[in-house]
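Trainee: I would like to learn how to read the features of this model one by one. Please start with the pocket.

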Amino acid sequence: DYKTLILVIGGSSKGLGEAGIDQDEELERAEKLIELAKKEGIKVVSAHVGGIDRRGSLTDPFLEVILPGSDMVLYLEESNEDGFFDEILEGKEEIKRVESERTLGFVDLLGELFGK
């Protein structure tokens, strides 16, 4: 019954620990969610809105798995200071990229997308 899957990407070892899962299990779950969404014709919108300080050895693997399977990627300019998003999405022109200076920059876009 859903037309869009929105994945807000970020990792926390404390959060994973509290949930009783590890990074590999959560990466596998993310892959399965995207695979199912694609199979069902559901659009995948992924977002990384925490900035470069919220990237690193825990979050980056999630970005590497999720971004290529997305139909649209939202991210802050500062998250891509090192070209990380450009590198992952290279050659994938079919994926719409929306870069914003501030997290609030995505509010109007999401309103437009979902008719609010």
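Mentor: S1, H2 and H3 each supply at least two residues of the lining of the largest pocket. Helices (H or I, at least four residues) and strands (E, at least two) are DSSP runs, numbered from the N terminus. The model is predicted, so local features need pLDDT of at least 70 and side-chain atom pairs pLDDT 80 or more, while totals for chains, interfaces and linings use all residues. Residues are numbered from 1 along each chain as its sequence is written, and side-chain values use heavy atoms, without hydrogens or water.

Trainee: How is a pocket found, and how much space lies in the largest pocket?

Mentor: Rolling a probe the size of a water molecule over the atoms shows where empty space is left. On a 1 Å grid over the protein atoms alone, a pocket is an open set of points where a 1.4 Å probe fits, with protein on both sides within 12 Å along at least five of seven lines; lining residues have an atom within 4 Å of a point. Grid points are joined across faces, edges and corners, and the volume is the space filled by probe spheres set on the points. Here the largest pocket holds about 250 Å³. Among its 13 lining residues, Val8, Gly10, Glu26, Arg29 and Phe62 are the closest to the centre. H2 gives the largest share of the lining, 4 residues.

Trainee: Is glutamate 26 buried or exposed?

Mentor: Buried means under 20% relative accessible area, exposed over 50%, and partly exposed in between (1.4 Å probe, protein chains only). Glutamate 26, in helix H2, counts as buried because its relative accessibility is 16%. Aspartate 1, in the segment before S1, counts as exposed because its value is 99%.

Trainee: What is the strand order of the sheet?

Mentor: Strands of a sheet pair through backbone hydrogen bonds, either parallel or antiparallel. Two strands count as paired if DSSP finds at least two bridges between them. This open sheet of 4 strands has the order S1-S2-S3-S4, with parallel pairing. Its edge strands, each pairing on one side only, are S1 (4-8) and S4 (96-100). S1 and S2 pair over 5 bridges, with leucine 5 opposite valine 44 in S2. S3 (residues 72-76) and S4 also pair over 5 bridges, and leucine 76 stands opposite serine 100 in S4.

Trainee: Which residues form the covered face of S1?

Mentor: In a regular strand the side chains alternate between the two faces of the sheet. The covered face of S1 has Leu5 and Leu7, and the uncovered one has Thr4, Ile6 and Val8.

Trainee: Which residues of the largest nonpolar core touch the most other members?

Mentor: A nonpolar core is a set of buried Ala, Val, Leu, Ile, Met, Phe, Trp, Tyr and Cys residues joined through side-chain atoms within 4.5 Å. In the largest one, of 21 residues, they are Leu63, Ile66, Leu67, Val73 and Phe85. S1, H2, H3 (59-66), S3 and H4 (84-89) are the elements that give two or more residues to this core. A second, separate core of 8 residues includes Val45, Ala47, Val98 and Phe106.

Trainee: Which residues of helix H5 are buried?

Mentor: In H5 (residues 105-113) they are Phe106, Leu109 and Gly111. Just after H5, glycine 115 takes a positive phi of about 70°.
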